[in-house]
Amino acid sequence: MRITSPPGQKVFDLYLTVESRPSVLAKIATILRESNIDILAGGIECSDDKKTGYDLFYLEMANAKVTPEELVKTLKAQSFVKEAEIEPRV
């Protein structure tokens, strides 16, 4: 995916491994909304057994209410999140 943002914006790659079940994506979106984080793009895949989801989001965090580290901590505290990592997009 080719993602660009205006100069000076803070763009991050968020990688999640989650339980694959209804409402998980909505819960993630709610956390991002409440943190004032904009989703620029993303991708979602499911394991062959349909038990695990692999989510990638490109996030713009210039006006976020949390730091990237705080976002990961919040996501990891959710029962449906197995793994969470965030990296600045270069």
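Biologist: In the largest nonpolar core, which residues touch the most other members?

Modeller: A nonpolar core is a set of buried Ala, Val, Leu, Ile, Met, Phe, Trp, Tyr and Cys residues joined through side-chain atoms within 4.5 Å. Buried means under 20% relative accessible area, exposed over 50%, and partly exposed in between (1.4 Å probe, protein chains only). The largest core here has 19 residues, of which Leu16, Ile28, Leu59, Leu71 and Ile86 touch the most other members. At least two residues of this core come from each of E1, helix H1 (24-34), E3, H2 and E4. Helices (H or I, at least four residues) and strands (E, at least two) are DSSP runs, numbered from the N terminus.

Biologist: What kind of model is this, and how are residues numbered?

Modeller: It is a predicted model, where local features need pLDDT of at least 70 and side-chain atom pairs count only at pLDDT 80 or more, while totals for chains, interfaces and linings use all residues. Residues are numbered from 1 along each chain as its sequence is written, and side-chain values use heavy atoms, with hydrogens and water left out.

Biologist: What does Ile86 touch?

Modeller: Contact means heavy atoms within 4.5 Å. Leaving out residues up to four places away in sequence, Ile86 touches Phe12, Asp13, Leu14, Leu59, Met61, Pro68, Leu71 and Val72.

Biologist: In what order do the four strands of the sheet stand?

Modeller: Strands of a sheet pair through backbone hydrogen bonds, either parallel or antiparallel. Two strands count as paired if DSSP finds at least two bridges between them. This sheet is open, its order is E2-E3-E1-E4, and the pairing is antiparallel. Strands E2 (38-46) and E4 (81-88) are at the edges with a single partner strand each, so one side of each has no neighbour in the sheet. From one strand to the next, the twist averages 15 degrees.

Biologist: How many bridges join E1 to E3?

Modeller: Nine bridges join E1 (residues 11-19) to E3 (residues 52-60). In E3, Leu16 has Asp55 as its bridge partner, and Leu14 has Phe57. E2 and E3 also run antiparallel and are joined by eight bridges; there Ile39 is paired with Leu59 of E3, and Asp38 stands opposite Glu60. The hairpin of E2 and E3 has five residues between the strands, and in it Lys50 takes a positive phi near 65 degrees.

Biologist: Why is E3 described as largely enclosed?

Modeller: Seven of its nine residues are buried, so E3 is largely enclosed by the rest of the structure.

Biologist: Which residues of H1 are buried?

Modeller: Val24, Ile28, Ile31 and Leu32 are the buried residues of H1. Their arc (taken from the directions from the helix axis to the C-beta atoms) is only 95 degrees, so they lie on the same side of H1. The buried residues of H1 pack against E1, E2, E3 and H2. After H1 comes Asn36, with a positive phi near 60 degrees.

Biologist: Is Asp13 buried or exposed?

Modeller: Asp13, in strand E1, is buried, with a relative accessible area of 7%.

Technical notes:
Axes fitted to C-alpha atoms, helices over the stretch in contact; angles between N-to-C directions.
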